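Try each task before reading its solution.

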Amino acid sequence: VGITHINSGHTYIEIFEDYADALSGLEPFSHIIVLVWFHKSDTREKRGTLRVHPRRNRTLPLTGVFATRSPVRPNPVALYTCKVLAIRKNIIQIDGIDAFDGTPVIDIKPYIPAEDEVRDAAVAEWLDW
């Protein structure tokens, strides 16, 4: 539905004109959930990697990619919760994400605390919370 533009410390999401009307009503939301396709990580070899060391830390045991946030996975989809800084026509300015300039945007959803926040969630010990 769009593409990222990352330059000079600023991050923008350009929504393609065909989908610009889908931004209607997004202005009141302070945060959005952005799904992108890590197209530069999309190789047969990386898609075949099913276990990684979490956070690229080789002292941690190999763990299934579905239990990590590794960019190497069967489908290289990344999910971000982003602060919306501005919306102008078909451009959303957000706080930074660790994607490349030109990364395809798959979808955008509003962040809704009552629906997206999980209280008392359990996590793996290696997360060091």
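This is a predicted model: local features need pLDDT of at least 70, side-chain atom pairs count only at pLDDT 80 or more; totals for chains, interfaces and linings use all residues.

**Exercise 1**

Task: Sort the lining of the second largest pocket by class, and find the strand that gives the most to it.

Solution: 
- Step 1. Start with the volume, which is about 190 Å³ for the second largest pocket.
- Step 2. Look at its centre: 13 residues line this pocket, and Ala22, Leu23, Leu26, Asp107 and Ile108 are the closest to that point.
- Step 3. Sort the lining by class, and you get nine nonpolar, two polar and two charged residues.
- Step 4. Turn to the strands: E8, residues 104–110, gives the most, with four residues.

**Exercise 2**

Task: Describe the largest pocket by its volume, its lining and the elements that contribute to it.

Solution: 
- Step 1. The volume of the largest pocket comes to about 1300 Å³.
- Step 2. Its lining holds 40 residues, and those nearest the centre are Thr68, Arg69, Ser70, Pro71 and Arg73.
- Step 3. Two or more lining residues come from each of strand E3 (31–37), strand E4 (51–52) and strand E6 (77–88).
- Step 4. E6 gives the most, with five residues.
- Step 5. By class, the lining of the largest pocket splits into 21 nonpolar, eight polar and eleven charged residues.

**Exercise 3**

Task: Find the salt bridges in the whole structure, and decide whether the partners are buried, partly exposed or exposed.

Solution: 
- Step 1. Searching the whole structure gives two salt bridges. The cut-off to apply is a side-chain nitrogen of Lys or Arg within 4 Å of a carboxyl oxygen of Asp or Glu.
- Step 2. Aspartate 42 pairs with arginine 47, and their closest N and O atoms are 2.5 Å apart.
- Step 3. Aspartate 107 pairs with lysine 109, with 3.0 Å between the closest N and O atoms.
- Step 4. For exposure, buried means under 20% relative accessible area and exposed means over 50%, with partly exposed in between.
- Step 5. In the pair of Step 2, aspartate 42 has 30% and is partly exposed; arginine 47, at 31%, is also partly exposed.
- Step 6. In the pair of Step 3, aspartate 107 is partly exposed at 28%, and lysine 109 is partly exposed at 40%.

Conventions
Residues are numbered from 1 along each chain as its sequence is written. Side-chain values use heavy atoms; hydrogens and water are left out. Buried means under 20% relative accessible area, exposed over 50%, partly exposed in between (1.4 Å probe, protein chains only). On a 1 Å grid over the protein atoms alone, a cavity is a set of points where a 1.4 Å probe fits but cannot get out, and a pocket is an open set with protein on both sides within 12 Å along at least five of seven lines; lining residues have an atom within 4 Å of a point. Grid points are joined across faces, edges and corners, and a volume is the space filled by probe spheres set on the points. Ala, Val, Leu, Ile, Met, Phe, Trp, Tyr, Cys and Pro count as nonpolar, Asp, Glu, Lys and Arg as charged, and the others, Gly among them, as polar.
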